[in-house]
Amino acid sequence: MRVCPGKKLFLMPGDIIKKFSERAEALLKDAKSIEERCELGGVGFPEVHEVASRARMLIHAMSGPESAYAESLSDAMKQESCKAQFGALEGVLRALCRDLSDRNLVTFRHEVEMAVIYKILSQAKRLIRAKGTHPSAVVIVACSAAEEFLRNWCEEKGIEVPERQKSIAKFTQALRANGQINLPVEQRVNSWEDCRNDAVRGASWENITQETANRLVREVEEFVMENREVLG
């Protein structure tokens, strides 16, 4: 089971990303127009919220509803005055346009990758709270987050792993061979794949307890937080 809702962005042709950039530039242009009218006192909350709604749709399409861009936009719209909302909104749009430019596209890619990983971890946490869900489902989803992070780590460092061999164990093996992690870390991460193997085999479900699932989610989240700087 592999959950990867946002990865498609960087499998798209360059002209699609260019269109995202053009839409962001158009939104910023609209925001600047609002700024001029704000000085004349002819702009209210509806105009600002209209641009914010369009910005939200664009951001969610590119990086999902839980990205830093989405969070910044949400914070911007919590400002009390119309002028303050506009100022914060324009700041978000400026940052978005800058990160969509060629020189900052890597920054944006890292943002999307981390948003995807956190989204998968959020799914695992929701499964923990869901009644009637076997802990094996939690383990499988949490391991998907770990595998996605390791995959991105290898890609960031230019470490190639054959497509048919890609797995947590193969990624960690490649990372250690290239001096990215040490043996204890490799063994720790590979233990998660052992749990996933038990989770996908019905005959081994007795090895997967709620405590096991809770611990694995916690360890994966800590691992991602400890090493997130490798993705910028």
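In helix H4 of this predicted model, the buried residues are Cys82, Gln85, Phe86, Leu89, Glu90, Val92, Leu93, Ala95, Leu96, Cys97, Asp99 and Leu100. Helix H4 covers residues 82-100, and at 1.5 Å a residue its 19 residues should span 27 Å; the end C-alpha atoms are 27 Å apart, which agrees. The N-terminal end of H4 is capped by Ser81, with a side-chain oxygen 3.0 Å from the backbone nitrogen of Ala84.

**Overall content**

The secondary structure consists of nine helices and zero strands. Along the sequence this reads as α-α-α-α-α-α-α-α-α. The protein has 232 residues, of which 46% count as buried. When contacts between residues at least 6 apart in sequence are considered, 67% of them join residues at least 24 apart. The accessible surface is about 12,300 Å², and carbon and sulfur atoms account for 50% of that area.

**Helix H9**

Helix H9 has 18 residues, and its first and last C-alpha atoms are 26 Å apart, close to the 26 Å expected at 1.5 Å a residue. The buried residues in H9 are Thr212, Ala213, Leu216, Val217, Glu219, Val220, Phe223, Val224 and Asn227. As background, an α-helix has 3.6 residues a turn, so residues three or four places apart point the same way.

**Aromatic pairs between H6 and H9**

The structure holds four aromatic pairs. One of them joins Phe149 and Phe223 in an edge-to-face arrangement, with 5.8 Å centre to centre and 80 degrees between the planes. Phe149 lies in helix H6 (residues 135-156) and Phe223 in helix H9 (residues 210-227), so this pair ties together parts that are 74 residues apart in sequence. Phe149 counts as buried because its relative accessibility is 0%, and Phe223 counts as buried at 1%.

Phe223 also pairs with Trp153: the ring centres are 6.3 Å apart and the planes are at 35 degrees, so this pair is tilted. Trp153 lies in helix H6 and Phe223 in helix H9, so the pair ties together parts that are 70 residues apart in sequence. Trp153 counts as buried at 2% relative accessibility. Phe149, Trp153 and Phe223 belong to one aromatic cluster together with Trp192.

The two pairs described here are set out below.

| Pair | Centre to centre | Angle of planes | Class |
|---|---|---|---|
| Phe149 and Phe223 | 5.8 Å | 80 degrees | edge-to-face |

**Arg176 and Glu186**

Arg176 is placed in helix H7, which covers residues 168-177. Its relative accessibility is 39%, so Arg176 counts as partly exposed. Apart from neighbours within four places in sequence, Arg176 is in contact with Ile181, Asn182, Leu183 and Glu186. With Glu186 there is a polar contact between the two side chains, at 2.2 Å. Arg176 and Glu186 are ten residues apart in sequence, and their C-alpha atoms are 7.1 Å apart in space.

Definitions and conventions:
Residues are numbered from 1 along each chain as its sequence is written. Side-chain values use heavy atoms; hydrogens and water are left out. Rings of Phe, Tyr and Trp (its six-membered ring) pair if their centres lie within 6.5 Å; planes under 30 degrees apart count as stacked, over 60 as edge-to-face and the rest as tilted. Helices (H or I, at least four residues) and strands (E, at least two) are DSSP runs, numbered from the N terminus. Buried means under 20% relative accessible area, exposed over 50%, partly exposed in between (1.4 Å probe, protein chains only). Contact means heavy atoms within 4.5 Å. Accessible areas come from the Shrake-Rupley method with a 1.4 Å probe; for residues, only the protein chains shown count as cover. The expected span of a helix is 1.5 Å times one less than its number of residues. A polar contact is a pair of N or O atoms within 3.5 Å; within protein, one must be able to donate a hydrogen and the other to accept it, and residues adjacent in sequence count only if both atoms are side-chain atoms.
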